[in-house]
There are 2 protein chains.
Amino acid sequence: MPLTTIDSLQNARVKRAKGLMQKRQRDREGLFLLEGERELERGIEGGIESTQIMLCPELFKHAETSLALKDKLIDGTTPVIFLTKQVFEHCSYRENPDGFLAICKTFNRSLDELVLSNNPLLLIVESLEKPGNLGTILRTADATGVDALILNDPITDIFNPNVIRASAGVVFKVPTVVATPSETHAYLKAKQILSFATTPDTDQLHFDASFSNPSAILMGSEKDGLSGFWIQHSDYKIRLPMAGQADSLNVGAATAAVLYEIIRQRR
Amino acid sequence: MPLTTIDSLQNARVKRAKGLMQKRQRDREGLFLLEGERELERGIEGGIESTQIMLCPELFKHAETSLALKDKLIDGTTPVIFLTKQVFEHCSYRENPDGFLAICKTFNRSLDELVLSNNPLLLIVESLEKPGNLGTILRTADATGVDALILNDPITDIFNPNVIRASAGVVFKVPTVVATPSETHAYLKAKQILSFATTPDTDQLHFDASFSNPSAILMGSEKDGLSGFWIQHSDYKIRLPMAGQADSLNVGAATAAVLYEIIRQRR
């Protein structure tokens, strides 16, 4: 069957794809945009369901792997269409697109669906705003093998195109759950997981805490840190030592420092 | 003396300020834009010289501190002008500007000007591209008290508006130097500072390295990691343990994990 090539910005499928840049549209349709060769490949590995694949071979970056993935996608069950360079660049949310874009189904896990290891390590982030930070945190969660990332009252959803980009596609490898702080607190209690709130308002350095038991690390928002709920309901409060001013660390950097200390202690 | 209010986008000073968003213009004029109340305050503390201050009180975010800083600036030696909201937003590189903007003089330190502590810790980053990563790294360098950040063959300069924003103004607190890899290597040898290259191509985990002596940590670019020069000329190679795929960490997150391990060992 010959593949369609779309060359009009007015095409309905093009407009629909473009609309998925907006959270409202993603929520309404239960669909999101997955862009990039590596991201698409990792998404497929991670079991993401796609409903429409859009390619622009003219923009492919890697002679061999790009063509191999193209052939694999054309042989798959999801419909594939081609876009002209102009139309692809219109749909893309990247500065330097690589010719791979898919419309995929969003998904939600609940806390009860999480499968935990013997000595769980959970990461809980509250009301994060910046997609780049959430993406960085997802990559660190993957690298350190956390059991799951729990998003409390998220301002930015994991299907935000910039989160996917910043996470280098890892967003689909780390189990993520959206939950309220009180749901999360009840879950941790039921599972006997200790919660560690990171906050500047404590003398307890993270180096001196023990993470040998099941642990959940709580990181607050960029602007306001953790909410009163978690400051009150967490089992322990910890902070990173600071040579500079109190607010000097980026939340993604702070998360990496804490998680790697846990990895070190648990070796 | 009554202060001028500029209400035209065609004003020469407005056009000149706007031009400083470009690296070429910054290099040519030796000037850069410093935006934001906190950044301006930290810049002044850090001894940054400004040549023109531009304010828009209508956009101020903090009733008390913003007005206090405004009064302090007006009493200072740098000329102050007011911009209308429309003109300020035109000159601003932020989504939600806070009414403070200054044109400041760029500066350069050389390696020989660095003042090192008794047991120096240096951070060297090579050809970093993303302003957000450089900003995050500057904040971590400040938090962990590194002696200096050395930028090898930088693609992004520290005067890039987005570096300043991402660094939360800390860019002026951490001594930074631009140098080539070979200049840096000669400097480390002369000062008897051990160099640690972070690379996935080693079995040596950073946890097992000893950073008790004068140390320099080398971080490579987002895309390509460290250059062949540093892989060949560094004293040690280290890597972070990875549960996920090899390239899963963001460079800012990896830097934080390594620097905090050094802080832990040196306590």
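The model is predicted, and local features need pLDDT of at least 70, side-chain atom pairs count only at pLDDT 80 or more, while totals for chains, interfaces and linings use all residues. Residues are numbered from 1 along each chain as its sequence is written, and chains are lettered from A, with ligands numbered from 1, in the order in which they are written.

Chain B can be laid on chain A by a turn of 180° and a shift of 0.0 Å along the axis, with an RMSD of 0.0 Å (superposed by least squares on the C-alpha atoms of residues with pLDDT of at least 70 in both copies). The two copies are thus related as by a two-fold rotation axis.

Each chain gives 30 residues to the contact (two residues are in contact if their C-beta atoms, placed from the backbone, lie within 7 Å). On the side of chain B that touches chain A, the elements that give two or more residues are helix H6 (131-143) and helix H10 (251-266) of chain B. The largest share, nine residues, comes from H10(B). Helices (H or I, at least four residues) and strands (E, at least two) are DSSP runs, numbered from the N terminus. Because 100% of the interface residues of chain B are also interface residues in chain A, the copies meet through the same surface.

In chain A, five strands form an open, mixed sheet in the order S1-S4-S3-S5-S2 (strands pair if DSSP finds at least two bridges between them). Strands S1 (5-6) and S2 (31-35) of chain A stand at the edges with a single partner strand each, so one side of each is left without a neighbour in the sheet. S1(A) runs parallel to strand S4 (residues 80-83) of chain A, joined by two bridges. A:Thr5 has A:Phe82 as its bridge partner in S4(A).
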